Structures are given as C-alpha cells and as structure tokens.
Amino acid sequence: MTQTWHTQTPDTPLADGEVHLWRASLVQTPDALDALHALLAPDESAKAARYHFRRDRDHYVAARGLLRRLLGLYLAWPPESLNFSYNAYGKPSLDGAGDVRFNLSHSHELALYAFARGRDVGVDIEHVRAEFAGDDIAARFFSAREVEMLRTLPEATRTRAFFNCWTRKEAYIKARGEGLSHPLDAFDVSLIPGESAALLGTRGDPRELARWSLYALDAGDAYAAAVAVEGTDHTLRLRQWPPTLSRVNR
Ligand SMILES: CC(C)(COP(=O)(O)OP(=O)(O)OC[C@H]1O[C@@H](n2cnc3c(N)ncnc32)[C@H](O)[C@@H]1OP(=O)(O)O)[C@@H](O)C(=O)NCCC(=O)NCCS
C-alpha cells in the first residue's frame, strides 16, 4: 500500500464529496509548541496540565493546537476562537461549523485528522508494537471471526494484521461516535495484510454495512492507520503537515 501525502498549501477548500486526511508530526520545537498551546481554550489547557508525563502533555497540546489550525483554515476563523462541544461519549464537534465534521487520533509521534462535509468520519492511528499484539489482547477486543482470521495467519504477518484490525475497529466506532460503548464483538473488519480494508459484518442494523466505507492509510512503516467514512460517494485527499515530515518511521 503506497499512498502519497501531498504537501499542498493548506488553504485548499474542503469540497462536498471530499474527505481530507492530514498526517502531522507531534514533535514540535519549544517555540512552535508554545504557539500551539496559546491557541487552546482553558478546558484544553487544564486537560493538558493533568497529563503525568511531559511527552504526553506536549503531544496532546500539539494535536489539539494543530486541530484548531486546520479547522481555522477550513472555516476561515481564528483558531483560538473555536468552541468545541462533545457528545455523551467524548467525540468533539464544532459549534457553528455548519456541515464540517472531523475526527482525530494520535499515537507516538504522529497525529491523524479527517475532515468532511455532511458525513461522519472516524480515524485511528497506532504505533505498531509487536509486544502489544498478543493473542490475549486480540481475544479481549476482537470478534470471534477476527480472532479466527488472525489465528490462521503466519506468525510474520500477525502483528501487522492485529493493528489493521485494531485501527479499523477504532475508526468505525469513532465515526459512529460511541467509543467503546459500542460492543467490539458486534462487528467484523478485514485484517489480512494486502487485502482491502472493509467492514465485513455487523450483528445489529443490517444497513450498517452499506452505510460505511473503511480505508487503510499508509502512515509509515511504524504505524497502522484507518479511516471510516459515512457513505460511498467520496474521494480521499491525503495531506501532510508540516510539508517536511522526516520522522514517521521510528
Ligand atoms: C476514546 C476513544 C474514542 C479513542 O481512544 P484512543 O484510541 O485511546 O485515542 P485516539 O488518539 O485514537 O483518539 C483520541 C481522540 O478521539 C476523539 N474522541 C474522543 N472520544 C471520541 C468518541 N467517542 N468518538 C470519536 N472520537 C472521539 C478526541 O478528539 C480524542 O483526542 P483528544 O481528546 O486528545 O483531542 C475510545 O475508542 C477508546 O477509549 N479506546 C480505547 C482503546 C481500545 O480499547 N480500543 C479497542 C480497539 S479494538
């Protein structure tokens, strides 16, 4: 899977039927981090202050600050003036943003953002760690069908398959906005490396299968990433922030 993250000027408009994905480095210079911190609302600064480890705090600040920058560009609003609301499960949305919807995810040194008009989106990015991808974790979080698919794979491809599954499941529940209140064994996603990302089955509303599109994203060899998009009639556009991003594979 080779995908090109374009380094276009960021003021390209978000057209109907487009889904914009942004990959961004969370590794910021102290000055850049201060500038991003200055964009945050008091509740965001308070949340940042609650992080125990400085690195986690800095990454939260960078991810939120960049979210504000990107939304500010799309809406032509000052980034520091944006007011977020949250649904009952914590999914952020923007007051007064019309039909613009978004989602974000961050892991290790990267953040991933999705923006669209009039359709729900969910993204997930994970730093791939073989030690996390054990059978016990799979049995706890994945459906029986997913566990069985994973079991049949050769050892060498299992870690990648595990994170394919994890990120696709997360992207789907994040698009729905319900977080982990949506049972993780109530749906199946594809996971075999080299095969397309797809929602394979749901055990609730049968219309769900046709309602969503799932895509794997190539965020670098050290990461797995996915986006879930409502509907099927859309085009993905991949962008990178900042234009030079050289540290994605660690
Ligand atoms: C909170 C949750 C939505 C994602 O958590 P996560 O994977 O730890 O973190 P991510 O970086 O991918 O996403 C976090 C961002 O999603 C957004 N978010 C929070 N709640 C959300 C929700 N219910 N729906 C969509 N997005 C949500 C927020 O913007 C948050 O970032 P911020 O608070 O730093 O701004 C939720 O799914 C969760 O708790 N997951 C835990 C991991 C797990 O067990 N996954 C099972 C996978 S099989």
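Alanine 76 counts as exposed in this predicted model, because 8 C-beta neighbours lie inside 10 Å, and a residue with 12 or fewer is placed in that class. Alanine 76 lies in the loop between helix H3 and strand S2 (84-86), and although alanine 76 is not a glycine, its phi is positive, at about 55 degrees. Most residues other than glycine have a negative phi. Histidine 108 also has a positive phi, of about 50 degrees, without being a glycine, and its place is the loop between strands S4 and S5. Histidine 108 is partly exposed, because 18 other C-beta atoms lie within 10 Å.

Proline 30 is in helix H1, whereas leucine 39 sits in the loop between helix H1 (30-37) and helix H2 (42-50).

| Residue | C-beta atoms within 10 Å | Class |
|---|---|---|
| Proline 30 | 8 | exposed |
| Leucine 39 | 20 | buried |
| Alanine 76 | 8 | exposed |
| Histidine 108 | 18 | partly exposed |

What does leucine 39 touch, once its neighbours within four places in sequence are left aside? Its contacts are Gly65, Arg68, Pro79 and Glu80, and of these, Gly65 and Arg68 are among the buried residues of H3. The C-alpha atoms of leucine 39 and serine 81 are 8.2 Å apart in space, although 42 residues separate them in sequence. Proline 30 and aspartate 58 are likewise 28 residues apart in sequence, with 9.5 Å between their C-alpha atoms.

Helix H3 itself covers residues 54-75. At 1.5 Å a residue, its 22 residues should span 32 Å, and the end C-alpha atoms are 31 Å apart, so the two values agree. The buried residues of H3 are His59, Tyr60, Val61, Ala62, Ala63, Arg64, Gly65, Leu66, Leu67, Arg68 and Leu70. What covers these buried residues includes strand S1 (18-25), helices H1 and H2, strand S4, strand S5 (110-117) and strand S11 (235-241). Alanine 76, described above with its positive phi, follows H3.

The largest nonpolar core holds 59 residues, among which Tyr113 and Val227 touch the most other members. Helix H6 (residues 155-176) supplies the largest share of this core, nine residues. Leaving out residues up to four places away in sequence, tyrosine 113 touches Leu21, Trp22, Leu67, Leu70, Phe102, Leu104 and Val123, and of these partners, Leu67 and Leu70 are among the buried residues of H3.

Which residues come nearest to the ligand? Of the 23 residues around the ligand, these are Tyr89, Gly90, Lys91, Ser105 and Gly179. The elements that give two or more residues to this shell are H3, strand S4 (100-107), strand S6 (121-127) and H6, with H6 providing the largest share, five residues.

Along its principal axes the C-alpha trace spans about 50 × 35 × 35 Å, and 37% of the 250 residues count as buried. Among contacts between residues at least 6 apart in sequence, 63% join residues at least 24 apart.

Technical notes: Residues numbered from 1 in each chain as written. Predicted model: local features only at pLDDT ≥ 70, side-chain atom pairs only at ≥ 80, totals over all residues. Core = buried A, V, L, I, M, F, W, Y, C linked by C-beta atoms within 7 Å. Helix = DSSP H or I, 4+ residues; strand = E, 2+ residues; numbered from the N terminus. Contact = placed C-beta atoms within 7 Å. Near = placed C-beta within 6 Å. Expected span 1.5 Å × (residues − 1).
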